[in-house]
Amino acid sequence: MHVRAATRTSEEYLSRQAKFESNARTYPRKLPLAIKRAHGIHLVDVNGTSYLDCLAGAGTLALGHNHPVVVAAVQRHLAEGAPLHTLDFTTPAKDEFVEALFATLPEPLRSRGRIQFCGPSGSDAIEAALKLTKIATGRRSILAFSGGYHGQTHGSLAMMGNLGPKANLPGLMADVHFLPFPHGTRCPLGCDRCDGEHSAGYVERLLRDPESGIAPPAAMVMEVVQGEGGSIPAPDNWLRRMRRLTEELGIPLVIDEVQTGWGRTGTLYAFERAGVVPDVLVLSKAIGGSLPLAVIVYREELDKWPPGAHTGTFRGNQLAMVAGRETLRYILDQDLPAHAAAMGRLLMERLTGLQTRHPFVGEVRGRGLMVGVEIIDPATTGPDGHAAYDGARARALQQACFERGVIVETGGRHGAVLRFLPPLVVTQHDVEQIAGIVGEACAATAGVATATHV
Ligand SMILES: Cc1ncc(COP(=O)(O)O)c(C=O)c1O
């Protein structure tokens with residue numbers, strides 16, 4: 001019998017999903033949602049339950065769901081009979097997008113940069129950056145950082161810190177060398193308060209060592225704030241030192257701003273805070289205004305790859321370009337990076353306030369609206385000499401938040417970091433509500449004994 005879609009309950013949709021969709025599916029396992037409507041930070045499922053969405057398409061939705069400027073731009077484009085799909089042919093929509101994007105970039109990218117439209121995922125743009133720098137330098141080894149996340153293709157996955165998704169996958173890109181990423185409270189080199197100086201010194205000595213075992217690299221690839229790795233911001237001075245070093249050694253610096261780009265960390269680009277400029281900038285997520293789009297922008301000196309070196313059928317997503325163009329205009333007009341910085345500060349302040357009542361609330365960290373809360377077992381010491389991560393409690397808290405109408409992600413080592421990535425348009429009222437519900441979730445799970453990961 002044919003059942004009209006609208007008459008099904010969330011539970012029915014979820015069970016149909018479990019029946020038809022791949023075992024590799026992820027979010028619905030932890031956040032059992034069948035979404036009917038969405039606006040701003042709000043989601044409503046088919047049962048009529050409302051949620052505050054602090055996942056926002058994994059940090060994609062800078063303006064939240066269905067923002068009026070995005071909807072209007074898409075409707076206008078459709079009404080004009082303009083094309084939707086154009087491979088890499090140019091169009092007025094593409095030209096305007098490129099012009100607007102370049103206007104936001106620092107020199108020399110602004111006046112002498114090149115752009116490559118990629119298959120519409122962050123991972124594909126990362127693949128493009130790898131090819132570009134390998135071809136330009138004639139080298140093949142890559143420097144990446146522990147805790148990093150750059151996507152799920154064989155090249156991007158090879159640069160992932162988390163070992164789980166790489167298990168049982170032989171043949172990932174070879175010649176990736178992992179370097180320590182500074183971590184304020186859990187220094188990978190064991191110092192008490194990590195300001196990145198030890199890590200920078202180590203990397204510098206390593207890369208200058210003729211016996212380091214690392215062939216001259218094609219690129220250093222990094223996030224300025226590690227996202228999936230658990231909302232870990234790099235110190236400004238460390239980033240400046242990495243920039244200086246890569247410049248001196250002739251190693252192209254690839255900055256992955258797939259998650260941080262367009263205002264999330266309190267500046268339009270996360271690298272701005274340290275006053276550095278990458279050789280290759282990787283962008284996706286927010287730039288498509290909630291539709292799929294991914295690009296790399298790079299220094300013209302690197303533009304040595306031949307025609308066809310990186311293609312992809314869907315690199316001409318016109319709706320994403322107009323939605324992205326309007327999203328950028330709105331972000332700049334409303335100064336959303338400054339708003340994100342203020343809302344992020346407030347959220348971190350409120351979450352930090354939970355530490356006194358709930359000893360399992362560990363470090364609260366992040367930058368702008370990329371906020372993480374480490375969930376720990378204060379009674380157990382982990383192998384790094386700090387309180388053990390408590391991933392099981394983090395999952396219990398995620399569940400308790402969900403039951404109370406707040407959607408948060410978990411990430412970081414052992415999945416023990418609650419991650420908040422609300423839309424940049426989140427209001428003070430929303431933040432208070434979110435923090436209040438997280439507080440209730442903490443109280444509800446306080447007595448629950450959970451296994452710690454050591
Ligand atoms: C920093 C970073 N790079 C790359 C990616 C991969 O993007 P995609 O999932 O669109 O392939 C992500 C996704 O979360 C990311 O956060």
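In this predicted model, an oxygen atom of the ligand sits 2.5 Å from an N or O atom in the side chain of S123, a polar contact, meaning a pair of N or O atoms within 3.5 Å where, within protein, one atom must be able to donate a hydrogen and the other to accept it, and residues adjacent in sequence count only if both atoms are side-chain atoms. The backbone takes part as well: an N or O atom of the G122 backbone lies 2.8 Å from an oxygen atom of the ligand. From K285, a side-chain N or O atom comes to 3.0 Å from a ligand oxygen. Of the 390 Å² of accessible area that the ligand has on its own, the protein covers 84% (Shrake-Rupley method, 1.4 Å probe; for residues, only the protein chains shown count as cover). The residues around the ligand include S121, Y149, H150, E223, D256 and Q259, where a residue qualifies if one of its heavy atoms lies within 4 Å of the molecule.

A word on conventions before we move on: residues are numbered from 1 along each chain as its sequence is written, and side-chain values use heavy atoms, with hydrogens and water left out. Because this is a predicted model, local features need pLDDT of at least 70 and side-chain atom pairs count only at pLDDT 80 or more, while totals for chains, interfaces and linings use all residues.

Q259 also leads us to R264, since Q259 is among the residues in contact with R264 (heavy atoms within 4.5 Å). You will find R264 in the loop between strand 10 (253-256) and strand 11 (280-283); strands (E, at least two residues) and helices (H or I, at least four) are DSSP runs numbered from the N terminus. R264 is buried yet has no salt bridge, and the nearest side chain of opposite charge, D53, is 9.4 Å away. Here buried means under 20% relative accessible area, exposed over 50%, and partly exposed in between (1.4 Å probe, protein chains only). For charge, Lys and Arg count as positive and Asp and Glu as negative, with His and the chain ends not counted. What the R264 side chain does reach is backbone oxygen: that of L369 at 2.8 Å and that of P422 at 2.9 Å.

Elsewhere, charged partners do pair up. A salt bridge is a side-chain nitrogen of Lys or Arg within 4 Å of a carboxyl oxygen of Asp or Glu, and the count comes to 25. In one of them, D175 meets R140 with the closest N and O atoms 2.6 Å apart. This pair links distant parts of the chain, 35 residues apart. D175 counts as partly exposed at 27% relative accessibility, and R140 is exposed at 61%.

E248 and R208 form another salt bridge, at 2.5 Å from N to O. E248 is exposed at 52%, whereas R208 is partly exposed at 41%.

E363 and R365 pair too, their closest N and O atoms being 2.7 Å apart. R365 is buried at 6% relative accessibility, while E363 is partly exposed at 24%. Salt bridges that share partners also join R112, R243, E247, D279, R299, E300 and E301 into one network.

R365 brings us to a last stop, G230, which is in contact with R365, G412 and V417, leaving aside neighbours within four places in sequence. G230 lies in the loop between strand 8 (225-226) and strand 9 (232-233) and counts as buried because its relative accessible area is 0%. G230 and R413 are 183 residues apart in sequence, yet 7.0 Å apart in space, C-alpha to C-alpha.
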